[in-house]
Each structure stands twice: as C-alpha cells, then as structure tokens.
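Please find below some notes on the two-chain model that we discussed. They are set out as numbered points for checking against the coordinates.

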Amino acid sequence: MKQFILFTIKTIIIILLLAVLLDYAYTTVYAHSNNRNKIEDVYNSKNRNYDVVILGSSRANNHFVSEMFEQKGLKTFNYGISGGHLFEADLLLKLMMERHYKIKTVILEADLNLSNEKRSETVAANFLPYIHRSEIIKEHFSKEPDFNSLYYIPFYRYVNFDELIGFREFYKTLSNQSTNVLDKGGFHALKQNKKGRMKNDISTLKPLKNKYYEDIKAICVANKINFIAVMTPMCENTKGIDYFEKVKKAYPEIHNYEKVVTADKYFSSCGHMNANGAKIFTARILQDFFSN
Amino acid sequence: MFFNSLTFAIFLPIVFVLYWFVFNKNKTTQNTLLIIASYYFYSCWDWRFLFLLVFSTFLDYYTGIRIEKSQKESGRKFWFWLSIGVNLGFLGMFKYYNFFTTSFAELANGFGLKTSPFLLDVVLPVGISFYTFHGLSYVIDIYYKRIKAEYNFVDYSLFVSYFPLLVAGPIERATHLLPEIKEKRSFNFEQAKAGIYQMLWGLVKKVVIADTCATYANAIFDHYPSMNSGSLILGAVYFAFQIYGDFSGYSDMALGMSKLFGLELLRNFNYPYFSRDIAEFWRRWHISLSSWFRDYLYIPLGGSKGGMWMKIRNTFIIFLVSGFWHGANWTYVVWGFINALYFLPLLLRKSNRNNIDTVVLDKSWNSVKVVANILLTFALSCLAWVFFRASTITDAFLYLKKMFTNGVFASQYLANERYNYELLLMLLAFVAVEWNHRTKEEPISGKYQTVKLALCLTSIIALGTYSDYKEFIYFQF
C-alpha cells in the first residue's frame, strides 16, 4: 500500500505540474494575440483614441456600421459582441480604461440585455486567460460563484470552457490564424433572410435595474465620456414589444429606436437587422447625435 | 454519477480508502461496503429504481436456490421459468412495451384500423439490460447444473450490483465473478497500478476521442441533407470512433477501477477495429455480450452442430436479438441484420474462425492483404454504424445514398463552426498508439511508463472535451 500511496502522490504531482505548465503556456499565447476576438484586441492594446466606441450584444455588433461613422470623420470601433451581456460590455469598458483609452462617446445598446445580470458563458470565457494578469478582470469575476475554481485551480478555466479557450482556440491563436471579427471596424453585417415572415416572442422578458448598466454609466461620468444608450430595432411581428416601453419607463435616458426599422426585408432574424437595415439605422443615429 | 464526473472522482477514492483501511477485516465487510457503495452509486440516477434492482437481485437469488433444492423436474422448471419470465417481463415492460405498442398501432393504421395505444409514461431504468442479463445467466447456469446456487445473499447481491459494471457492463458470469467475490481480497500494488493505467486510458478514449468525435459526428448526422460525400464518409468514421471510444473507454474504466478493489472483470474489447473479418470483429467487440448470446442463445438453439441452414438461422437470430437488445428501435434491428449479412459469406465458406491469432505484419505481400482486410472490415462496420446512429431507417438509407451519389469531397464547414478534417490527425495518432500496444490491455504500462503517463494525462487535460459533455452511449441500453 505504501508503494501505491507513493505512486498516487507521484501521479497527482504530475497532474499539478502539467496543469501549471499548460496554464502558463495557454495564458502566454493568449496574452500575445490580438487578431482573434475583440476582448484580446483590447487586452493587448494601449492608449487608443476613439471618437465613438460602441458596446453591447449582437444587436450592437450587427446594427452599427462603423464605416459610416468613419465617413463622418469619427474614429469609431464597434465592440459589440455576439452573445454578450452587459456583464461583458461593462468589463470591456473597464479594461479600456485600464488600458488608458481616450474615448469621447460611448454608444451602448441597452434593451433586451437589460433583462439579466448574468454573465454570458460564451463571451465571458474570453476574459479568463487574463484573470491573473489584470486586476480589473479579477475584480469583475470575484463575485461569480465559481470564482475560486476559475482563479485558483490551474488550467481549470481552460478545461471548463474548452470549446471557447481550450486546445482548438489555443492552437489557432498559436498558429496566428486571424478571424474577421476585427474587420470593418468591428461591424458584422448580416445577410437578408429569405425564409419569409419572421417573428419573436419577448413577452417573458422584464427590464431590471441592471447594475452593469449603472456601472457603465458611472464609468462614463467619471471619465468624462459622452454616454448614449439606445434601444435598437426589432421586427414588426414581435410578441411582447411593450418591453421597450417598460425600458423607457425604467430608464428615461435610453433612446428608443425600436421602431426606426420594422419591415421584414431589413432583417436577418427578428432581433437582428441585415446590412441594409443597419445602414438605415446607423444613418438615423448619426443624424440625431452627430449631425454637427 | 458518471465515471468521468467530478462527483465520481470524489466517490471512488472514498470507497477505496474505506475498502482497504476500514472495511478490510474480511471479505464480508469488504463486500458489504461495495454493496452500499453500489446502491448509493445507482441511486444517484434515480433512487426509485433501486427497488427494482433489489427485487431483481432477490428474485434470482431465491429462484436459484429453489431450482437447486427442487427434487422434481417440474419444480425446477417452475422456478426457472418464473425467474426468466419476471426478468424478461421487467425488461420488456420498461424497454420494449411502448415500442411494440406503437409499432403495432402504426401497422394497424397502415391497414386502415384506427387505434389509440396505451403507452407507459416510464423512464428506462439505467443498466436494466445489463443487470437483467447478469441474473439470467446465473439462473440458467444453475438450471443446467453448471454452477451451484449461491446461498450468501451479500455475495450474490454484489455479483449483480457491483458498481463498476452495474450500468453498462461488462456482462459478468457467475462462474467468473462469484468465485472472486467469495475470497478476501488483499491489496496488490501491481494490480492497482495497472488498474489506474487502464482507467486513465479509458478516460482518454472517452473524453479525448469519443466526445471530440461526437461533436463532429453529431454536426454531420444532424445535418446530413446538406453534407457532401466526403463529409458523410467522415461522419460515419467519426461515429465509429465515437462509439468505440465511448463504450470501450467505459469498459476500460470499469475494469481498471475494479482492479483497485482486487477484482478482475471480463475483458470487453480487444482492439476490434484491427479485425481482419467481421467474425473476428465480433470476437473483439463487446465480448461479454457476444459470448453471452453465444452461450445462452446460439448454443441452446443448436449452435453450429446442425446443418448449414441451422447455422445460418441461428446466426441471424443472435444478430437480430443482439441488435434489438441495444434499444427499442428498428434501426438497431437493421444494424444487427446487416452484421448477420456480413457474417454470411464467412459462414458459407466456413472461414469464420480463420482469424483468431493476433495480427502480425511483416514485409511480405501477405501483410498488404492483412491491412486491406482490416480496412475493408472497418469500412463495413462504419456502414453498419450509420444505421445504429441514424434516428430512423429512412434517415440511414438517405445518408448512405447521399454518401455514394453526392460525389463532392471538399472540406466542409460544419454547423458547430468546425472544419471537417481537423480531427483526423488526432485519430491517426490514436490508431497508431493502439496498434503499437495491441497485445496489451492499455498502452501506458511497460517501458517509459512515467513519460507515457504524463502524455496520457496531458491529453486528458488539454485535449479532452468537457464543456460539451456527452453521456455514455451505452447507458441508454
């Protein structure tokens, strides 16, 4: 039995050593990459100047055409992330401040994402490689129920989110395979849906007094950033469309653009406009806020 | 509680420590602990089905004794058929009732008769096919006087409910496991180390090979109408590796952890994809089930003693029953039927026992022929797996039709945001490792074992699929 105990201890030591080594290797690779997603792009940058930064979910990513802002002479980047919640938008802005970004205006897409304060499992994972290297990220995750496992167990975060930051992503990052998410100023255009009439049901959603929204607002005030919060369009056939009115009641400062584009031909899915819809919507935003 | 879960990683060491340090006084205390652990393990799925397991155990224990004690043949027969009837009755009710009822209703509807079948709203108790077969083999062996009835209820209960094999086998025999259970086990370092190695290799097969292949195979099978020929071929290959890694990985973990308790279970897989013909494949795949059907169905039906027609009839019967054992769906029956068809030429040429030695390659032309036969057998098994994996027989035929008629072999982007060929390199490495160690149960032991252990652990940690968790396929059977 003594032999077996020694064998078990040896095996456990090998596991721990491997976990530490792999953790170091993965973290190092991610810490030197800036061409695969918006989070590592921000993490690995410093002192950028923007006239406009756009934050939010896919409803920001697919709706704000950065090039149209640029044509107006506004240095703009769309940091909207598909699948992202306000948890990540808030952290991304904090990270920008930590990286000494100078931003004049933040446009935040704040509508459906106000209805929850949870992190997005698919997006939040991309911050985790840097959890030991950024106090901001550590602090932001510190109230999450799995913080201790993510922070203290070496390599756990890469195992737990292997589909997002595991071996496959590590290999692609290591071999410098870039993605197109940073092209076109971060805007991702969607194609028109040819399947016919679209619909959506948001009747179960309720806007919350969202702490991450409040946090973003507070950061903007503290850093003298002009803050514009907007609700973006939904297709006509949406059940529970009064949600947007509820948001307006809870947050009178959020501009309601839900009805600016409604025809199905401008949508790819009910919650996401196609490229033509995005152009109409962006033109209206530019006209209302940046016409001077 | 799955073998590759965190809860099991806590459960197993606790049982191990209690087994060797607290309950190590004699075999009764050891067996009692293993029963408690097994019942706890089983109740983690659904505690209500524990009553079914206990009832099944008690039934076979009692009828086994009554068969042995009966003076008259009629009494022996009564207790024997009671046990068989109740065991198969439970299996039929939980696993096949709804299937037969709906199939009958569909047939009746086909003839214009409107029926509204009464369906049972029950979940299939996990492992029922496995522990029922344990009990059946025990009672049949007593009836045919191959073994004596077991009078020690604790020992018998452990034989039926031993947790490493409870939910997905291997299907043990009383002649093999009961004698081991009846002895006090002493700790053996080499056996325990071999057990750890086998468990780890099983884990590699499950989380690195099976679950990764599943990600690709699912993306292809679930969207087969939009896939090209190349992708559909790869889909079948990925599923072949998925089911092999999943089931043989589970078996390796069961055998390995059993060695930690000083018990050796029957080997269930012996590198089946290195088989040179389909008969050899079935001597190497799910060995405990194949041999069960051979001993308790094929031989009682007359086996190969009769003429050629009897051999063919019996072969088709065991393959069809084997297919049906896997699940209540016609796809499994067709899968069994296809394997019987594959077997037929070997039977007619009386060459089904040609390849019983280990594959050895040299620089002769014969080796080329051997490799070609291995590849052909693998290809045939992949085609059959399409029926095993598809939701319906129609889906399976359409999948195969598209595979042969589409004719496009370009790398295709899958619905899960992956390209189709990414996995092949890893599978080739896996095959190379298995090939080089095909005379052993696992590849870690032997020379440079610490290095191999480290590599194995690295692959589990770094290459395993964890977030897209998949249950063991055979748990549903």
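1. Basis. This is a predicted model, in which local features need pLDDT of at least 70, side-chain atom pairs count only at pLDDT 80 or more, and totals for chains, interfaces and linings use all residues. Residues are numbered from 1 along each chain as its sequence is written, while chains are lettered from A and ligands numbered from 1 in the order in which they are written.

2. Sheet of chain A. Five strands make an open sheet in the order β2-β1-β3-β5-β7 (chain A), with parallel pairing. Helices (H or I, at least four residues) and strands (E, at least two) are DSSP runs, numbered from the N terminus; two strands pair if DSSP finds at least two bridges between them. β2 and β7 (255-256) of chain A are the edge strands, each pairing on one side only.

3. Strand β1(A). Five of the seven residues of β1 (residues 49-55) of chain A are buried, so the strand is largely enclosed by the rest of the structure. Buried here stands for 20 or more other C-beta atoms within 10 Å of the residue's own, exposed for 12 or fewer, and partly exposed for values in between, with C-beta atoms placed from the backbone. Three bridges join β1(A) to β2 (residues 76-78) of chain A in a parallel arrangement, and A:I54 has A:N78 as its bridge partner there. Towards β3 (residues 102-109) of chain A there are six bridges, again parallel; A:V52 is partnered by A:T105 and A:L55 by A:L108.

4. Strand β3(A). Five bridges join β3(A) to β5 (residues 226-231) of chain A, and the two strands run parallel. A:I107 stands opposite A:I228 in β5(A).

5. Helix α1(A). This helix has 30 residues and reaches 43 Å from its first C-alpha to its last, close to the 44 Å expected at 1.5 Å a residue; the expected span is 1.5 Å times one less than the number of residues. A:A19, A:Y26, A:T27 and A:Y30 are buried in α1(A). The cover over the buried residues of α1(A) includes α2 (38-43), α9 and α11 (167-174) of chain A, together with α18 (449-463) of chain B.

6. Contact between the chains. Chain A gives 17 residues and chain B gives 16 residues to the contact, where two residues are in contact if their C-beta atoms, placed from the backbone, lie within 7 Å. On the side of chain A that touches chain B, the elements giving two or more residues are α1 (2-31), α9 (156-160) and α10 (162-165) of chain A. α1(A) gives the most, with nine residues. By class, that side of chain A has twelve nonpolar, three polar and two charged residues. Ala, Val, Leu, Ile, Met, Phe, Trp, Tyr, Cys and Pro count as nonpolar, Asp, Glu, Lys and Arg as charged, and the others, Gly among them, as polar.

7. Helices of chain B. α10 (residues 229-260) of chain B has 32 residues and reaches 46 Å from its first C-alpha to its last, close to the 46 Å expected at 1.5 Å a residue. α10(B) is mostly covered, with 29 of its 32 residues buried. Just after α10(B), B:G262 takes a positive phi of about 80 degrees.

8. Residue A:C270. A:C270 is in the loop between β8 (267-269) and β9 (272-273) of chain A, and counts as buried with 21 C-beta neighbours inside 10 Å. Leaving aside neighbours within four places in sequence, the contacts of A:C270 are A:M198, A:K199, A:N200, A:M234, A:C235 and A:T238.

9. Most residues other than glycine have a negative phi. A:N47, not a glycine, has a positive phi of about 50 degrees; A:N47 lies in the loop between α2 and β1 of chain A and counts as exposed, with 8 C-beta neighbours inside 10 Å. B:H286 also has a positive phi, near 40 degrees. B:H286 lies in the loop between α11 (278-284) and α12 (287-298) of chain B, and is buried, with 22 other C-beta atoms within 10 Å.
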